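Q: I would like to go through this model and ask how its labels are reached. Please set each value against the definition behind it.

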Amino acid sequence: MFEFSLSLGYIEKMKPNREPNLVEFKFHYHFDNTVGFSDKYFMAQNFVEAKEMFEYACCKRHLHPHLDGVEKWNRWKSIWEKIDTTKSENSLN
């Protein structure tokens, strides 16, 4: 649906005002030869899209992490919620 506004006596067509809802995802991972863990954050529309971004970032830098968990930010409760990654293909482990 488009939004119209009157400006200077004529109707001006504007861009649609809907933007995709983005969610923040946190990927918790480690490498074989490290002691500590690391996190990477991505804004995406869903888990599948965020996972693709994580895989791309790792592939680009020739990294082979072991994924320990994924969480998404619930902005209404202000908490991180765990995501069950077993429901989707997990090619990083």
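Q: What makes serine 78 a loop residue, and which loop is it in?
A: Serine 78 is found in the loop between strand 5 and strand 6 (79-82). Helices (H or I, at least four residues) and strands (E, at least two) are DSSP runs, numbered from the N terminus. The model is a predicted one, in which local features need pLDDT of at least 70, side-chain atom pairs count only at pLDDT 80 or more, and totals for chains, interfaces and linings use all residues. Residues are numbered from 1 along each chain as its sequence is written, and side-chain values use heavy atoms, with hydrogens and water left out.

Q: Why is serine 78 called partly exposed?
A: Its relative accessibility is 48%. Buried means under 20% relative accessible area, exposed over 50%, and partly exposed in between (1.4 Å probe, protein chains only). Serine 78 therefore falls in the middle class. Its phi is near 55 degrees, a positive value in a residue other than glycine.

Q: How do you know whether histidine 62 is buried or exposed?
A: The relative accessibility of histidine 62 is 67%, so the residue counts as exposed. Histidine 62 lies in the loop between helix 1 and strand 5 and has a positive phi of about 55 degrees, although it is not a glycine.

Q: Why is lysine 51 called buried, and which element holds it?
A: Lysine 51 has a relative accessible area of 12%, and therefore counts as buried. Helix 1 holds this residue. Lysine 51 and phenylalanine 25 are 26 residues apart in sequence, with 8.9 Å from C-alpha to C-alpha.

Q: What makes glutamate 71 buried, and what does it touch?
A: At 17% relative accessible area, glutamate 71 is on the buried side, so it takes that label. Glutamate 71 is in strand 5. Contact means heavy atoms within 4.5 Å. Not counting residues up to four places away in sequence, glutamate 71 touches Glu24, Phe25, Lys26, Trp80, Glu81, Lys82 and Ile83.

Q: Which residues are in contact with phenylalanine 25?
A: With neighbours within four places in sequence left aside, the partners of phenylalanine 25 include Lys40, Tyr41, Phe42, Phe47, Val70, Glu71 and Trp80.

Q: What makes a set of residues the largest nonpolar core here, and which members touch the most others?
A: A nonpolar core is a set of buried Ala, Val, Leu, Ile, Met, Phe, Trp, Tyr and Cys residues joined through side-chain atoms within 4.5 Å. The largest such set has 14 residues, of which Phe25, Phe27, Phe47, Phe54, Leu67 and Val70 touch the most other members. Strand 3, strand 4 (38-44), helix 1 (47-60) and strand 5 each give two or more residues to this core. Helix 1 supplies the largest share, 5 residues.

Q: Where is phenylalanine 31, and how far in space is it from leucine 63?
A: Phenylalanine 31 sits in the loop between strand 3 and strand 4. Its C-alpha is 8.5 Å from that of leucine 63, across 32 residues of sequence. Beyond four places in sequence, phenylalanine 31 is in contact with Leu63, His64, Pro65 and His66.

Q: How many helices and strands does the protein have, and how much of it is buried?
A: The protein has 1 helix and 6 strands, in the sequence pattern β-β-β-β-α-β-β. Of its 93 residues, 23% count as buried. Of the contacts between residues at least 6 apart in sequence, 43% join residues at least 24 apart.
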